[in-house]
Amino acid sequence: MRYAHIIGWGKYVPERVLTNADLEKMVNTSDEWIRTRTGIRERRIAANPEDTTATMAVRAARKALNMAGVQPGQLDLIIVATSSPEHIFPATACLVQNALGASKAGAFDLSAACSGFVYALAMAHAVIASGQAEYVLVIGSETLSRITDWKDRNTCVLFGDGAGALLLRASDQPGGILSTVLGSDGSGGDLLIVPAGGSRLPTSPETVAQGMHYIKMDGREVFRFATRVMAKATQEVVAKAGLKLQDVNLVIPHQANERIIHSSMSALKMTPEKVFINLDRYGNTSAASIPIALCEAIETGRVRPNDNLVFVGFGAGLTWAAAAVKWGVPPPAKPLSWWRRLQIALQGPWASLRSWMLRLGRRLYALIPGYAGESLYLPISRTRESPPAAPARSAPSEETQPGGEG
Ligand code: ACO
C-alpha cells in the first residue's frame with residue numbers, strides 16, 4: 001500500500017487589508033450587516049499588480065518545499081486549484097512550474113471553485129497511491145478581487161485573495177490522506193457563475209458593459225445547498241476512513257460564512273473547539289481558504305501529530321468535497337544550516353535563469369542552418385502545408401449542443 005503524507009505547507013496573503021469600514025464607503029452596506037450575516041471583518045486584496053494567482057501560488061509553494069527540504073526538481077506533479085487563473089490557457093500551474101524551476105513536473109489547473117483544493121488533494125492522493133508520483137504539490141490560489149463587481153454588495157463583501165500550498169509525498173507508512181469524497185450537482189450551475197469570458201459567451205463590449213465578466217450569485221440558494229452538503233460530506237468521509245465523528249480532532253471547513261459553518265457543524269454535534277475558523281480576517285478566498293486555514297491552525301497549535309482532520313468545502317458547480325487526514329508530521333524544529341539557506345536563496349534566481357535559457361534556446365534553435373524552418377516540437381514543413389479543406393458542416397443543432405437532449 002502507498003500512502004500520501006502531507007510533509008510541507010505554506011501560505012501567502014497580499015498585504016492590503018480591506019475592512020468592512022472601507023466597504024461601507026464603496027457600497028450600501030454596514031460593518032454590522034457583514035459581521036452578523038457572514039462573520040467577516042476584513043479581507044486581503046491583491047492591490048499590487050505583482051500579486052497574481054501565479055505569483056502568490058509560487059510564494060506559498062516555496063514555503064511548503066523549503067519546510068520539507070524538497071527541491072523543486074524532485075516534484076512529479078503540480079496541481080493548482082483556482083477559479084481566477086492567470087489566463088484561459090496556459091494553465092497557471094505551468095507558470096508556477098516555470099517560476100519554481102520544477103524541471104520534471106507535470107502541471108495542470110483544476111477548476112472546481114471553492115471545492116477545488118480538496119478535489120486537487122484527492123487527485124494528488126490518487127496519483128501517489130497508484131504509484132505514478134512520489135512528490136505532488138497541491139496549491140489553492142485566488143485573486144477573486146479581479147473578477148468581483150465592486151458595485152455589487154451581494155458579492156463584493158464576501159471574497160478575498162490569497163494562496164495556500166501543501167506538499168505530499170508517497171510513503172509506505174499508514175496515515176496521511178485516509179479518504180476523500182467528491183460530489184457535484186450541475187443543475188445548480190447558474191446559482192454561482194461568471195457568465196461571460198468563456199466559449200459560451202465570449203468577451204465582447206456588450207458583456208463588459210453588462211458586467212457579465214463578474215461573479216453573479218444567488219446567495220440564499222447557495223447558503224441552503226452549503227449547509228446541507230457540508231454536514232453530509234463530513235459524515236461520509238469520516239465513515240469512509242473507518243472513523244466515527246467523535247474521532248475527529250479538528251474540522252477545517254471552507255471559509256465562506258460563519259453561519260454556514262456553525263449550522264452544518266452543529267448538525268453533526270461538533271463543538272466549536274473542533275472547528276477552525278479564520279474567515280473573520282480573510283473572507284472567502286475560495287480554493288485557497290482551506291490550505292490558508294490549515295497553515296494557521298498549525299501555527300496556532302491546533303493541529304498535533306496523530307490528529308484526525310477533516311477538510312470540507314463547497315462551491316460553484318455546484319460542487320462539494322471532503323478529505324479525512326491523519327496528521328503525521330511533527331512541526332519542524334531544527335534551524336536551517338547555512339548551506340540549506342543558500343540553496344533556498346538561490347532557488348528563485350536559478351528558476352529565472354533556467355526559464356531564460358529555455359526561451360533563448362528556442363530562439364537560437366530556430367536560427368541553426370539545417371534546422372532553420374523547424375520548430376522544437378513540430379517540423380515547420382508540416383505546419384506550412386495548407387490544411388486539408390474542412391468538410392462542409394451545418395451549425396450544430398440545439399440537440400447536439402452539450403446539455404441538449406438526444
Ligand atoms: N449589505 C447590506 N445588505 C445586503 C448586503 C450587504 N452587503 N447584501 C445583501 N443585502 C441585503 C439583500 O439585498 C436583502 O435585502 P432585501 O431583503 O431587501 O432583498 C437582505 O440583505 C437579506 O439578504 P439575504 O440574501 O437574505 O441575506 P442572507 O442572510 O442570506 O445573507 C449571504 C447573504 C451572506 C450572501 C448568504 O446568503 C451567504 O453567505 N450565502 C452563501 C454564499 C457563499 O458562500 N458563496 C460562495 C460559495 S464558494 C464559491 O464557489 C466561490
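The shell around the ligand splits into twelve nonpolar, eight polar and three charged residues (Ala, Val, Leu, Ile, Met, Phe, Trp, Tyr, Cys and Pro count as nonpolar, Asp, Glu, Lys and Arg as charged, and the others, Gly among them, as polar). This is a predicted model, in which local features need pLDDT of at least 70 and side-chain atom pairs count only at pLDDT 80 or more, while totals for chains, interfaces and linings use all residues. Residues are numbered from 1 along each chain as its sequence is written.

In total, 23 residues surround the ligand, and the closest are Thr29, Ala113, Gly219, Ala256 and Gly315 (a residue is near a molecule if its C-beta atom, placed from the backbone, lies within 6 Å of it). Two or more shell residues come from each of helix 2 (31-38), helix 6 (153-156) and helix 8 (219-240); helices (H or I, at least four residues) and strands (E, at least two) are DSSP runs, numbered from the N terminus. Helix 8 gives the largest share, five residues.

Turning to the sheet, five strands make up an open, mixed arrangement in the order 1-7-6-4-5 (strands pair if DSSP finds at least two bridges between them). Strand 1 (3-12) and strand 5 (106-110) sit at the edges with a single partner strand each, so one side of each has no neighbour in the sheet. On average, neighbouring strands are turned by 20° against each other, direction ignored; axes are lines fitted to C-alpha atoms, for helices over the stretch in contact, and angles run from 0 to 180 degrees between N-to-C directions.

Strand 6 (residues 135-142) pairs with strand 4 (residues 77-81) in parallel through five bridges, with isoleucine 78 opposite leucine 137. Eight bridges tie strand 6 to strand 7 (residues 162-171), this time antiparallel, and valine 138 faces leucine 166 there. Eight of the eight residues of strand 6 are buried (20 or more other C-beta atoms within 10 Å of a residue's own, all placed from the backbone; exposed means 12 or fewer, partly exposed in between). Helix 11 (residues 289-299) lies across strand 1, strand 6 and strand 7, at about 90° to strand 1.

In helix 9 (residues 258-267), Ile260, Ile261, Ser264 and Met265 are buried. Seen down the axis, these fall within an arc of 110°, so they line one face of the helix; the arc is that of the directions from the helix axis to the C-beta atoms. Their cover includes helix 8 and strand 11 (250-253), with contact meaning C-beta atoms, placed from the backbone, within 7 Å. Lysine 269, with a positive phi near 60°, follows helix 9.

Methods: Contact = placed C-beta atoms within 7 Å.
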